[in-house]
Each structure stands twice: as structure tokens, then as C-alpha cells.
Amino acid sequence: MARETEVTVACIKKPKMTRFSRRIADVSLKFGIPAEPLPTQILEELRLRIAPDRLIALVGPSGSGKTTALQLIAQKWHNTIDINRLNIPTDKSLIDTICPHQPLPHALELLNACGLGDTSVWLRTGDEISAGQTFRAKLARGIGLALQSGRSPLLICDEFCSGLHDRLTVAVAHNLRKLTTRHNLTIIVAGCNQKLLNDLQPDVTVRFTGNGQHETTETKPRTRQVSLTRKLIIEPGAKSDYDHFAADHYRKTDELGFVDKVFRMKERSTGQILGVVVYAHGPLELALRNQATNKRFTRNPDKLNREMRILRRLVVHADVRGCGLGAWLVKKTLPLVGTPFVECLASMGEVNPVFEKAGMQRIGTCALPKDRAKLVQKVADLGADPFAPDFVRQVARKPAIRRVVAQMVYNWYQATTGGGERRVRRQSTERLTQTFRGLIGSTPVYYLWQKSAKGKTTTRATNPPQKGARR
């Protein structure tokens, strides 16, 4: 870890001599400007204490000295990563560019935190994303490089979030503060928008007022929710609200089962929906449910229907993922479901602990059910690999493989929403294969929430968490 260092910078700039012209003479006479400008104080002496877990913000109008200060600090610091100078490769996807030598959860954390929560963007290359997405990708890549270097480099970023709209700026600023503290980063950002300071919560703020003058203040960052929560409301919704977000969910399927309640999170001022959570009736039997509740619902569908719901879907707008709004939405709506128990099967549970942050208890990871494992083995015996690039073509051309694939999807429909035969028959080969892959690739984490008799919430399971149990 780099030691704490104090850096002092200042700059007096002498204008470059220009060739005298008629226009220079006219302007000089009419506006009282010297034909040969005098040296200008671009930056008065600025002292900054730079150290790990320290976020510094330089704010002020354009031309007030922020960029000059950043450049001078970078020249004095031994190890600097300039976010704006980074390149995003055009021959690799973003998911392969961010933290390439770290586990996948590290890359997903940075992509979400930097406002790139749209999963489809993760697979795009540098020449397939917009200018705003490029800035966010550079920010994520720069932080990733800092994390894997192990030498606590100084990250600098000029024009921080200058091309982003207000909601996205708030989310990225909030998340950068969290990343700085969580990963002991050393960061200096500069920008004109002072509104972001509320969520950025810098340790040091330098306000530039022009003519090289500035004021420096130090504050202690406070742990708080993103300011967006004060502008949001949560209210009952409908399945149509989820339909609007369905394409943004990592599961590209509309199979929600028997929906009971839907809640939506939206902005007060605009009415725009930023998140949806769907609660439904759960499957009849889950092994981890039985373990956690001491077989309370085993072979008792009536009690299950009265006392248990499953959190079937949670979708948050890609702009604001990573800043805790998903956990906030779940935490606020769990007591509104109306049942003493709420469970959840989360395929992203190994990557994102959103449900634990919302107050649910992680019970364990589900293993692939035996009936699905047998069908996967049948596909292998037929010489096919479900994750091979040509699997869709094999399903289309080989009836035996298609029958096995269709059988698994049929079984799933019958267990969740019914009408399996009709629904399988009308699906294209691509959709059928996609659903099949999702079913065999899903080993979700099981979560449970329980309301106590006094009305307070509790998440204590009857039995200790188990791992690898069958669903």
C-alpha cells in the first residue's frame, strides 16, 4: 500500500507570443487589452494530502484551473492511471476487458458500479458502445487496473461524469465512493457539477473560483443511501410493469409462475419506473426449504399457499444498478407481501448478495435436480454439448436431441405454470435451446425471509445452511 504523501502544486503561465496583426491592434485599442498579455496565475499554491482510501474532488467552472491541477499532480505522483487516456479494446468484449485476471464477480461489480448494468453491453467491444458508455467503461477499466496492480496507483479523472444525465451521474458518484472505501483506492476527480458532491462524499473538496484561486475543505464521509431514494416511491404494480423490464432481466423468459403481488419503484417527479419486484406462488417442494423450515411445508400445499411466497423477479433500471436500490426495494416490500415466509431462488446469488443486504438469509446453493441431470446425460450420450456454438443447429437437425431438450422444458413448465406441451410446441428452436441452457446452467442460491410473531422481521433458519442440496 502506498504511504500517505503531501503534494504541493502551483502554476503561473506566460502566454505564447503571437504574431502582431491588425485585428490584435483593433481589439487592444477598443477593449483596453494589452497587445502582449501579462503572465496569468493559472493555479495558486495547492496542497493535497494523498493516501489510500481517499477521494478528492476538484470542482468549479470551466477554465478555473482544475485540469492544470490534475496535470501537475500527475507529474509529481510516481504511479498514476489517467482514466481519460485509457483505451477500450475493439477486439475484446467489455467483460474480458475489465479485471481480466480477477474472478468474474470483480468485473461484474465494477461494470454495475460504473453504470454499465445492461448485461447485453458486457458482450460488446470498444467500437460498439456510445461515448457515454465509453467513459464508464474507461472508469471501470481504470479501477480494475488499480486493483490488480497491487501498488495503490493514483487514479485521476477529468470531466468526471460530464456527459451523463443527472440520474446516472448520481448513481456513478455514489458507487465510486463505495468502491474507494471498499478497495482502499486513491482517486482524484474533477468536474463542473457540484451537485454530485452529495453522493460522491469526497474526503477533500477543492472549489476553484477562477484566476487560480481555490478553497479546500475536508469532510468525513458518511455511510448513507444514494440520494435517489428520497426521490422515489414504492407502490403496488402489475405484471405489465414487469413486462416493460423483462428484456433487461438476465433470464430472457417471461415465465413468472402464478403471480401474487407486484411492486414498482418510480421517480416522484417523472413517474418513470426504475425497478420492479414480482412475488408469486412457489413450487410445491424445495429441499433447502424443507431443511430451513424443519419440513414445515412438506406435502402440505394448503399451508404453503397460505404462508409462503417466492420472490420470482427483481429488475432494476441499468442506470442505477449497483447503488443499493434493488436491496432497498426488496427490504421495503418483503413486509408488504402478506405472508410469514418469503423465499427466493437467485442464480446471481453467487455474484451479487442483494437479497442478503435486503434482510433475507442465505440458506445454501441448490444442486441440479436428478431428473434434469439425467436428461443432460442423455444429451451427452447423443454426442451433443449444450454449450457448444452449434448446439442450436443440432437441436434443429436431430429429432432425438430435440425430444430430450423439449422434455426438460416441458417438465419445467408443468411444475411452474402448466400448459407445457402447448408452450413447447410453439417455441422456436432458438428459444427452446435458450430455455434449456438456462435450466441446466442454473444452480441458484436459496434465500429465506421470515416475519416474527411480533411483526419484526427475522431470517433465522430452523436448521444450519446447507450447500448443494437438491431443489
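Modeller: First, the term: a cavity here is a set of grid points where a 1.4 Å probe fits but cannot get out. Bear in mind that this is a predicted model.

Who sits around it? The lining consists of Ile83, Leu139, Ile143, Leu155, Ile156, Cys157, Ile187, Ile188 and Val189. Sorted by class, that makes nine nonpolar residues, with no polar and no charged ones. As for the elements behind them, α6, β5 (154-157) and β6 (186-191) each put at least two residues into the lining.

Some of these names come back when you look at the packing. The largest nonpolar core counts 43 residues, and Ile143 and Val189 are among those with the most contacts inside it, along with Phe160, Leu176 and Leu200. Helix α6, spanning residues 131-149, contributes the most to this core, namely six residues.

Leaving aside residues up to four places away in sequence, Val189 touches Ile56, Ala57, Leu58, Cys157, Phe160, Leu176 and Leu200. One of those partners, Cys157, is in the cavity lining too, as is Val189 itself. Phe160, Leu176 and Leu200, also touched by Val189, are on the list of residues with the most contacts in the core. There is another core of 32 residues lying apart from this one, including Ala171, Cys323, Leu334 and Ala358.

Strand β13 (residues 341-346) runs antiparallel to β15 and is joined to it by six bridges, with Cys344 opposite Tyr447. Strand β14 (residues 361-367) also pairs with β15 in the antiparallel sense, over four bridges, and there Arg362 has Tyr447 as its bridge partner.

Asn211, in the loop between β7 (204-210) and β8 (213-218), is exposed, at 64% relative accessible area. Asn211 is not a glycine, yet its phi is positive, at about 60 degrees. Lys295, in the loop between α10 (287-292) and α11 (301-307), likewise has a positive phi, near 60 degrees, and counts as exposed at 61% relative accessibility.

Terms used
Residues numbered from 1 in each chain as written. Predicted model: local features only at pLDDT ≥ 70, side-chain atom pairs only at ≥ 80, totals over all residues. Heavy atoms only, no water. Core = buried A, V, L, I, M, F, W, Y, C linked by side-chain atoms within 4.5 Å. Buried < 20%, exposed > 50% of the residue type's maximum accessible area, 1.4 Å probe, protein only. Contact = heavy atoms within 4.5 Å. 1 Å grid on protein atoms, 1.4 Å probe; cavity = no way out; pocket = protein on both sides within 12 Å on 5 of 7 lines; lining within 4 Å. Nonpolar A, V, L, I, M, F, W, Y, C, P; charged D, E, K, R; others polar. Pairing = 2+ DSSP bridges.
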